[in-house]
Amino acid sequence: MRSSRALTPTEVTQLERRGNIATDWDLVRVTEKGFSALNIRNTYFRGRAYLGADLEIVGATISGYEILDNTAVINSTLEAEGNQIHVLNEAGNRIIYCTPGLTPQIAYMEAFHTYKSGLQEGFKKLQTEEDLCTIEKNVVIKTGCTIRNTYVGHHTVLEGFTADNCFIADNCHLSNGEGVSAFCGPMTVSHHKSTLLIAGLYSFYNAGSNTNSSNHNYRLGPIHQAIYNRGVKTGSGSYVLQPAHIGDFSMVVGKHYNHPNTSKLPFSYIVEKEGVSVIFPAQNFKAIGMWRDLAKWPSRYKLANDAIVPDFSIHRPTYINKLFQAASILEQLLENAKGDVVTYEGCRIQKIMLQPAIDTYKSMAQALLMARYAMKRKECNAFIGVEGDCENWKWIDLCGSWFNKRVIDTVEKNIADGKYHNLDKITDELFFLQQTKQHNIVKAIVSMMHTYLNIDDLSDTEKVDVEIAKAKKTFEQLLDILLFDAKRESNGRMTVGYGLDGDENDCQADFDFVHSSLDEDTEAAVKVIRTYIETLS
């Protein structure tokens, strides 16, 4: 437990006068600085608890939790039996220890890298004797939430939500639905009562109404899991039978029973057609909604002082490499295609879609690579005659923040070897690595230019200028596509239901009045594209 003290007799009296009761007030510890009983009312403390500063707790039941500063718990129940959270696998073999100093990055390593020799044992040695689950600072939990054995990160809002054995990272907003053994990375959003997030990894994720999954195939229990890479959306009524793995920034619509694995085809639509999963690769690049998401996340992120800030952009080496690799996969499928439809990892792709998708993946990969080069031109130009270094392209999305795989391997080996005395030391190391990772990014850019664009020497300005011009043209064409897609929100039948009791002209006038900010919203969504064009000019 964090530095704490017992309640004073005066504080116990204040709490009881406000309708609070406890099985034993001696089991309730509070922060040494800033605790006040004034905003805690009608709450039942059943067993051990820790209370921070500036809390508002009303009509709640608290058992086995530490609640940190500036947090509100209203008409909700928080219950924990120890500090172990069983994510993804309800059988319990993916364990996160809710120890002081836990961060999303550390939780990710604990939960997903169980195959690393000695790593889990290393984490066990770093556990304290205390066994409370944690609600971090600046959290709001209200409207009848039931939270069991669940960590809740900074600036997260839970409303009418049920969570059991979940890890919920910073800046999530979960309302009305349910989470079971879910690992929710930053900016995960779910708003609807009928939505179930179960046994999956979600990050920068948006759940449509009635989104559902099954991790139980009625053989050996609920043992399966799903991985939704960064930026996935699920449409209303979508369903995925686990196990499954959905690629970055993809849209999932319909019901999918054949365990789709689209992890190597990011930015795709995965839709159901007559009971079959069909992939439209690279299609999401042309959707204004995906670019709107990229624009809104940084503006909505609230900084936690002791948290590592996520990376929000897509011009990262890992994405650029994924796009080139996706094009290569589709080229092989096209070469071997024997009919109008090809099969891939439990899904189908129409042959006619392959070449356009290959072209999109390649053009976007080249454009993002050159945009990144233009942003780092001075640093990149320090490398002359660099050869490809595949290891520098391998990056891990460590719960919202990108780290080179080799440096994370080193950190995890140090954990296994017992070189860190507490979790704070690991976070300090990750902070340092985040601040110093630019060298690896630059090296990855230069090596990819060598491998994919045949630019062996950055002093060959003729070749570089040709690629810059091509990249600029790609973004200009994409901008036109996105602006056209945005106009579809206000054209044609989009005014149906507006201008009630008026004529046809009133329909459009009413729509324009209600949605007066559409042009501004569109410009905000395409701002990054305009920035790329300007950078390449």
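**Stop 1: a cis proline**

Select P243, which sits in the loop between β31 (239–241) and β32 (244–246). Helices (H or I, at least four residues) and strands (E, at least two) are DSSP runs, numbered from the N terminus. The peptide bond leading from Q242 into P243 is cis, with omega near 5°. Most peptide bonds are trans, and most residues other than glycine have a negative phi.

Two notes on the model apply throughout. Residues are numbered from 1 along each chain as its sequence is written, and side-chain values use heavy atoms, with hydrogens and water left out. This is a predicted model, in which local features need pLDDT of at least 70 and side-chain atom pairs count only at pLDDT 80 or more, while totals for chains, interfaces and linings use all residues.

**Stop 2: two positive phi angles**

Go to E274, in the loop between β35 (269–273) and β36 (276–280). E274 is not a glycine, yet its phi is positive, about 55°. Is E274 buried or exposed? Its relative accessibility is 85%, so E274 counts as exposed. Buried means under 20% relative accessible area, exposed means over 50%, and partly exposed is in between (1.4 Å probe, protein chains only).

Next select A282, in the loop between β36 and α4 (288–300). A282 also has a positive phi, near 70°, and is a residue other than glycine. At 1% relative accessibility, A282 counts as buried.

**Stop 3: H256 and its neighbours**

Select H256 in strand β34 (residues 255–256). H256 is buried, with a relative accessible area of 1%. Which residues does H256 touch, not counting those up to four places away in sequence? They are Y239, V240, L241, I270, V271, E272 and S277. A contact here means heavy atoms within 4.5 Å.

**Stop 4: R148**

R148 is in strand β16 (residues 146–148). With 36% relative accessibility, R148 counts as partly exposed. Display its contacts, leaving aside neighbours within four places in sequence: Y65, E79, A163, D164 and N165. For A163, draw a C-alpha to C-alpha distance from R148; the value is 6.1 Å, across 15 residues in sequence.

**Stop 5: aromatic rings**

Show the side chains of Phe, Tyr and Trp. How many aromatic pairs does a search of the whole structure find? It finds 22. Rings of Phe, Tyr and Trp (its six-membered ring) pair if their centres lie within 6.5 Å; planes under 30 degrees apart count as stacked, over 60 as edge-to-face and the rest as tilted.

Begin with Y151 and F167: the ring centres are 4.6 Å apart and the planes are at 5°, so this pair is stacked. Y151 belongs to strand β17 (residues 151–152) and F167 to strand β20 (residues 167–168), so the pair ties together parts that are 16 residues apart in sequence. Y151 is buried at a relative accessible area of 1%, and F167 is buried at 0%.

Move on to Y202 and Y228, whose ring centres lie 5.0 Å apart with planes at 15°, so they too are stacked. Y202 is in strand β26 (residues 200–202) and Y228 in strand β29 (residues 226–228), so this pair ties together parts that are 26 residues apart in sequence. Both Y202 and Y228 are buried.

Now select F204, F249, F267, F285, W297, Y301, F312, Y319 and W402, which form one aromatic cluster.

Finish this stop at F403. The charged end of K437 sits over the F403 ring, 5.6 Å from its centre. A charge sits over a ring if NZ of Lys or CZ of Arg is within 6 Å of the ring centre and within 35 degrees of the ring normal.

**Stop 6: helix α1**

Select helix α1 (residues 9–17) and colour its buried residues, E11, V12 and L15. They cover an arc of only 100° around the axis, which puts them on the same side of α1 (the arc is that of the directions from the helix axis to the C-beta atoms). On the other side of α1, the exposed residues are P9, T10 and R17. The cover over the buried residues of α1 includes β1 (4–6) and β4 (40–41). Just after α1, G19 has a positive phi of about 85°.

**Last stop: the chain**

Zoom out. The chain has 13 helices and 40 strands. Buried residues make up 54% of its 537 residues. Its C-alpha trace spans about 80 × 70 × 50 Å along the principal axes.
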